[in-house]
Each structure stands twice: as structure tokens, then as C-alpha cells.
Amino acid sequence: MAAARVEPLRPPALAQIPDEAERSRRLFTGELLCFARSAAGDALLELARRRLCDALGDPRPSSAHRRLSRTDWLARIGALQRTFAADDEIRAAFRAALAAAGVDPARNAWDRCVLRAVPPGPMQHRARRSFVSPHRDTWGANLPAQVNWWMPLYPLTAARTLQFYPDYWQRPVANSTAEWRYADYLAARRSSDPDRRTDYPSAPAVLASLRGARRRPVLLEPGQWLAFSSAHLHGSVANRSALTRFSVELRSLNLDDLAVGRCAADVDNAGRDGPHYEWFRRIADGAPLRPSAGSGADGE
């Protein structure tokens, strides 16, 4: 089989898209949207970097895995990842950075703020919230209106980033959605080391070979947002560099998209698990989304 065609992608940066319906339409037809650095985005960037340096006790977090033992590095990163989502200062910085890209807190819900750390070598496959195999987020959440937001904290290379498989935007791929269950993942997580990956996958996975598929590793500046649809087939580039890749991410749902049924096509999801509206709360006031007959969910 032919080797994969690797075509690094440097998407043009937008200041913002104030019309959220336009942003959703573009994402749900397969575009990847990059938002330029902003004062609020830079504030989030610097805050996340400070948290990393403090947690690792090292001013150079991208290479700290060389100076710490594997056990110590995993424990320190795991502890930071657990506190990151509950950090009020982090959440406020995320909210401001999203607003700078045009996200109205009153019309959107979000899930948790996540710090991802992908170290080089075998450890990337053992740490929690680290390397992720190719997948669509629709397979786990069952929410085709979901939007993903991703920001690198340090410079990227094509060997240390997130990658997309554009030929599969509307092309089905064999996957494990028919067998995967979120409840089984939670059970495995409760019985495992909190700093290490569970034996049960955190999301359904591709079952077909993607060896010859075209891949687009994304190259952004630290502090830029990448927005993409939950239907995009994507995953981590296996980190064969010398540095850890750190990034922050979250997922959002626009209430107007839910009300009118605006979403991406769901071409290959055989899952019976979800939709998981319970993962989301309205940004403005923390109110949970509640399923409704007409729109799928609301926050009113």
C-alpha cells in the first residue's frame, strides 16, 4: 500500500466571524477555521504556560520529560490536567478567548477545558489526555452540531501536531461505534491509575487502515484557535520529535444551531450511545442543556 501523502496545512487566520450561523455553516461543510491571535487568546496562552511551568517545576515544560522520571512526569501532568478543568481563572480566560473569536456566551454551551500533553516516544500512548487515534467526535458524543476548539501552547511542526483526513469528510470509514459504550469507559477509568490511559478506549476508533490516506498536519501559531466540526476525521500525529506537544481544547454547541437543526452530516456512526448533551453547560450561567422535542436541547 502506498505511503500516506502528508500535506501540512497553514490555514489563513481570521480575526473573527461575528455571524455564528455563518461560522457553523462553514464548519459543517468541511472547512477548518483558524482564528488570529488576540489579546484574550494571548492571555489564555500565558496563563496555561504558567500553570505548566509551576506544575512541572521547570521553565521549559516542552523538554521537562528529559529531566523528570517517567513516574514523576506522569503524576505532575495528571494532577495539573485534573485541576485545569476546575480552575476558575482558566475558565474565565477560555471564555474571553472564545468571545474574541466571535462566540457569544449567551448563545453557546461548552464542556470542560482540557490540557493535552503528547510527549515523544512510547509514553504518549500511556498518558491520559495524550495521543489520540484517528476518530470523529460524533462517534462518542453523537452530537453532529458540536464544534471543537483547539489551541497549541508552543510552536508546532508537522511531526508534532494535530492532523486531519480530508478525503473522509463525507466518506465512511469502518469504526468501532457499534461496540463502544461510554459507561464501559467510565467503569474502566474508575478502576485504573488516574494518570495513565485505561485499557478501554476513551472514544470509538477507526478499524480500517489509513496508511495511504492523505493527511493534513495543521501548523498554527501558539495562541491561535483552530475550529473544526465534530464530524472531521482527525487525530494526533505520532510524536517522534524531541519535545512534548502541549495544547488546550474544548467543545461547544451553539443553541441556535440546535434549534434549527443545523449540523454536519453523520456518515458512518453506528453508535447507540448518546447524544451526550449532559456533557455541556451554557457558557453564560452554567445552566445544563436539557433535551427538548423540537431542538434536541436548550439552555433556557
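This is a predicted model: local features need pLDDT of at least 70, side-chain atom pairs count only at pLDDT 80 or more; totals for chains, interfaces and linings use all residues.
1. Basis. Local features require pLDDT of at least 70 and side-chain atom pairs pLDDT 80 or more, while totals for chains, interfaces and linings use all residues. Residues are numbered from 1 along each chain as its sequence is written, and side-chain values use heavy atoms, with hydrogens and water left out.

2. Strand 4. Strand 4 covers residues 114–118; strands (E, at least two residues) and helices (H or I, at least four) are DSSP runs, numbered from the N terminus.

3. Pairing. Strand 4 is antiparallel to strand 10 (residues 245–254), with 5 bridges between them; pairing requires at least two DSSP bridges. Within this pair, A117 stands opposite F246.

4. Largest pocket. A pocket is an open set of points on a 1 Å grid over the protein atoms alone, with protein on both sides within 12 Å along at least five of seven lines, and lining residues have an atom within 4 Å of a point. The volume of the largest pocket is about 1300 Å³, taken as the space filled by probe spheres set on the points, which are joined across faces, edges and corners. Its lining has 50 residues, with R116, Y185, S202, R251 and W279 closest to the centre. Elements that give two or more residues to this lining include strand 4, helix 6 (182–190) and strand 10.

5. Second largest pocket. This pocket holds about 230 Å³. Among its 15 lining residues, F131, P134, Q163, Y165 and S236 lie nearest the centre.

6. Cavity. The whole structure contains 1 cavity of 30 Å³ or more, a cavity being a set of points where a 1.4 Å probe fits but cannot get out. The largest cavity has about 40 Å³ of space, and its lining residues include F35, R37, A97 and W225.

7. Nonpolar cores. A nonpolar core joins buried Ala, Val, Leu, Ile, Met, Phe, Trp, Tyr and Cys residues through side-chain atoms within 4.5 Å. The largest has 54 residues, of which F94, W149 and W225 touch the most other members. Helix 2 (residues 39–56) gives the largest share of this core, 6 residues. A second, separate core of 12 residues includes L32, L162, F164 and L220.

Definitions and conventions. Buried means under 20% relative accessible area, exposed over 50%, partly exposed in between (1.4 Å probe, protein chains only).
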